[in-house]
Amino acid sequence: MIKLDLAGVTPFLDKSEWQKTEPVAAAHEELVTKYGIDCGYTSWLNLPETYNRNEFKRIKAAAEQIRSESDVLLVIGVGGSYLGTRAALELLRSPNYNLSAKHTPNVYFVGNNLSAEHINEIGSLLRNKNFSINVVSKSGGTLEPAIAFRIFKDFLESRYGDIGARSRIYVTTDRAKGALRQWAEKEGFTSFVIPDKIGGRFSVLTAAGLLPMAVAGIDIDQVLAGAFDAMKTYTEDTSFHNAAWQYASVRQSLYRQGQNIEVLACFEPAFRYMGEWWKQLFGESEGKGHGGIFPASVDFSADLHSMGQYLQDGARTLMETVVSFETFRRDIKIPALAEDFDGLNYLAGRGVEGINQAAKRATVKAHIDGGIPVTEIILPDMNETAFGWLTYFFQLSCGLSALMQGVNPFDQPGVEDYKRNMFKLLGRPE
Ligand code: PA5
């Protein structure tokens, strides 16, 4: 499914160094044994095979229920409880999903910031609309979604009464721990589980992502089928042909050479939130002990007009990963003009997609020539199986790469510091 084109990166690498299989094989072993068995947090490794079929049926039934009674699904969550869902929605439906004509509910995201402006705006969009809430939080206690849940639960109750509201609340959280789980049990909200050994940023293929995806009409069977194929491929192939092994090895070799920023690029605007999801996955997993590759993302060709200069000519501490698709969902031809005012008649009759692909080839070549190592990830289609495959590929590569760097991919001690300060300022009781 994925093709990894390393032609633009190998000239920058010492072959005898980056092609060593032992470090990545050892990282894979450590992922499966130490982190899988001893510390946990690796159930995502075999999730596409072991996921709970009964829960999966319940997700589909809940999605059907939401679609039948709501114009809007409000997804409340932050970080790993939000970014993957939004990435799937934008990539597989559209960044303009809410504006398009469709038979599925609009999906609004809240609880991913502390902006009263944003909360109020979403509130006003709900006027005269039937809506349901899916609150997603693994810990069940994160401040942003907790505040949004209080506010929108209030909205829901004032619209439908306590009992009516209760049946429109869908909770996705830990199996046993956390305030949200207790609340769901007490009030009888429909609830789903983010399995114990799956942390937030590795949870997109659990109910955290699957319920809102299904509501938006995304084929979640195909998402899991893609992830399953990726799992089989990357866990059975223990040779250096394994694309996840190669990607992890390339990143870590470049990092050791001083390339400490990775820019993820795509020429499809629908991919933008995949970049956001990817940044959290790699940034929170690897940015530790004052080290790690800083993940950035760009949306081409738009960002060629803003970041293009830096990429081409700025400090040479970058590596770039370009994702592209071999087929496109639709194309549009450039019209001819009787008088060639803009000088574009040489393009008349050609599809915009062909021009987009030429822009990609030209950019990749210019960046390589300009001293940026470029890895290309090529997927056949922009569809559900590709999404499932790609998320699994990135999760596994991320786990391997972090372990090769010598850090625990699954904790995030650094995010506690600002919280301590904030809670102190807010006067939270000890
Ligand atoms: O990866 C992680 O665990 C975190 O970044 C979480 O996704 C994020 O903090 C949201 O946490 P929760 O789902 O517990 O509300």
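Predicted model: local features only at pLDDT ≥ 70, side-chain atom pairs only at ≥ 80, totals over all residues.
**Basis.** Local features need pLDDT of at least 70 and side-chain atom pairs pLDDT 80 or more, while totals for chains, interfaces and linings use all residues. I number residues from 1 along each chain as its sequence is written, and side-chain values use heavy atoms, without hydrogens and water.

**Ligand.** I looked up the shell first. I found 13 residues around the ligand, the closest being S81, S137, S139, T142 and Q280 (a heavy atom within 4 Å). The shell has one nonpolar, nine polar and three charged residues (Ala, Val, Leu, Ile, Met, Phe, Trp, Tyr, Cys and Pro are nonpolar, Asp, Glu, Lys and Arg charged, and the others, Gly among them, polar).

I then checked distances to ligand oxygen atoms. A polar side-chain atom of S81 lies at 2.6 Å, and one of S139 at 2.7 Å. For K138, a backbone N or O atom lies at 2.8 Å from a ligand oxygen.

**Pockets.** I took a pocket as an open set of points on a 1 Å grid over the protein atoms alone, where a 1.4 Å probe fits, with protein on both sides within 12 Å along at least five of seven lines; lining residues have an atom within 4 Å of a point. The ligand takes up space in the largest pocket (more than half of its atoms within 2 Å of the grid points).

That pocket holds about 1,200 Å³ (space filled by probe spheres on points joined across faces, edges and corners). Of its 37 lining residues, S139, T142, Q412, E416 and K419 are closest to the centre.

The second largest pocket holds about 790 Å³. Its lining has 28 residues, with E268, F328, R330, E353 and M382 closest to the centre.

Notes:
Polar contact = N/O pair within 3.5 Å; in protein donor to acceptor, adjacent residues only side chain to side chain.
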